[in-house]
Amino acid sequence: MIVVAGEALIDLVPQGRGALAGLKPALGGGPYNTAVALGRLGSPTAFCSRTSYDAFGEALLDGLRQAGVDVSAVQRGAEPTTLAVATIDVNGSAAYSFYVEGTADRLFAVPDRLPESARAVSFGTCSLVLEPGATAYEELMRTASAQGVFTALDPNIRAGLIPDADAYRARFKSWLPSVSLLKLSEEDALWLGGTPLEWLAAGPSAVVITQGGDGLTAFTRDGAVHSVPGEVVDVVDTIGAGDTVNAALLHGLSAWDALSPDALTKLGAEGWSRLLRFAARAAAITCSRAGAEPPYASELGDL
């Protein structure tokens, strides 16, 4: 089983141009989208988070269940659901404003244990920024890594939520010894100010950088670099594309029984090319439709 740990929220997506365009609620949150994508791809998946008892919280859980995701590890609370208001630019890229004060997901507590069948845990986005939950997720990451569980991290930077950029950058570096696979966008890499070689030296066995329509590149600890081009597609928006990449990478590694740090460097050029192309196809499908709507296994074909 792959466990995805992090926030679930509601994206309010504009249905037109201008500040007063109508907003349509959509299920979202980076970790949430990753869990749904994994479920749709057919990987046994569990979600580890804290959601509200409100109507949005119920809808979020229903979306996970419909994707086949185990929600037994989800904590609940009476606080409201976090809201993210999206703005879509002419290229389909999304920017967000967040309403996070006093919301349910911020009060996540470290669970007593992970599911016994957990082979990997994925972390990222707002959940590693907003306290007190961020410290709880950080503790879960370190504990899972110490127990030999494969750990994946997508920082998915939301700069507007980070009050002290330098403190966050230092904290990010402190996570790297506990990370097996680091995935991030070009924009994230620029904001963080490091390089793949520096990050690999600190802990991860592989770093995957997404480059939008230009594709994906993987850097591995043995010094190899593997790149694939992006898939040509008419972009509606990019919401959930990076989360779909996370899911596709984890799904592929799980299918190949390669969820271990050593296995990442043993994939070789052919293995990485197949895996990255699979992730690029999956992300392209997500970009071809509105909102975070990752593909099902039947839409992608074989790895």
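1. On a 1 Å grid over the protein atoms alone, a pocket is an open set of points where a 1.4 Å probe fits, with protein on both sides within 12 Å along at least five of seven lines; lining residues have an atom within 4 Å of a point. In this structure the largest pocket has a volume of about 1200 Å³, a volume being the space filled by probe spheres set on the points, which are joined across faces, edges and corners. Among its 49 lining residues, Ser185, Glu187, Thr238, Ala241 and Gly242 are the closest to the centre.

2. The model is predicted: local features need pLDDT of at least 70, side-chain atom pairs count only at pLDDT 80 or more, and totals for chains, interfaces and linings use all residues. Residues are numbered from 1 along each chain as its sequence is written, and side-chain values use heavy atoms, with hydrogens and water left out.

3. Strand 12 (residues 206-210) has 5 of its 5 residues buried, so it is largely enclosed by the rest of the structure. Buried means under 20% relative accessible area with a 1.4 Å probe, protein chains only; strands are DSSP runs (E, at least two residues), numbered from the N terminus. Ala206, Val208 and Thr210 point one way from strand 12, and Val207 and Ile209 the other.

4. Strand 12 runs parallel to strand 11, joined by 5 bridges, and strands pair if DSSP finds at least two bridges between them. Leucine 184 stands opposite isoleucine 209. With strand 13 (residues 216-220), strand 12 pairs in the antiparallel sense over 5 bridges, and valine 208 has alanine 218 as its bridge partner.

Notes:
Buried means under 20% relative accessible area, exposed over 50%, partly exposed in between (1.4 Å probe, protein chains only). Helices (H or I, at least four residues) and strands (E, at least two) are DSSP runs, numbered from the N terminus.
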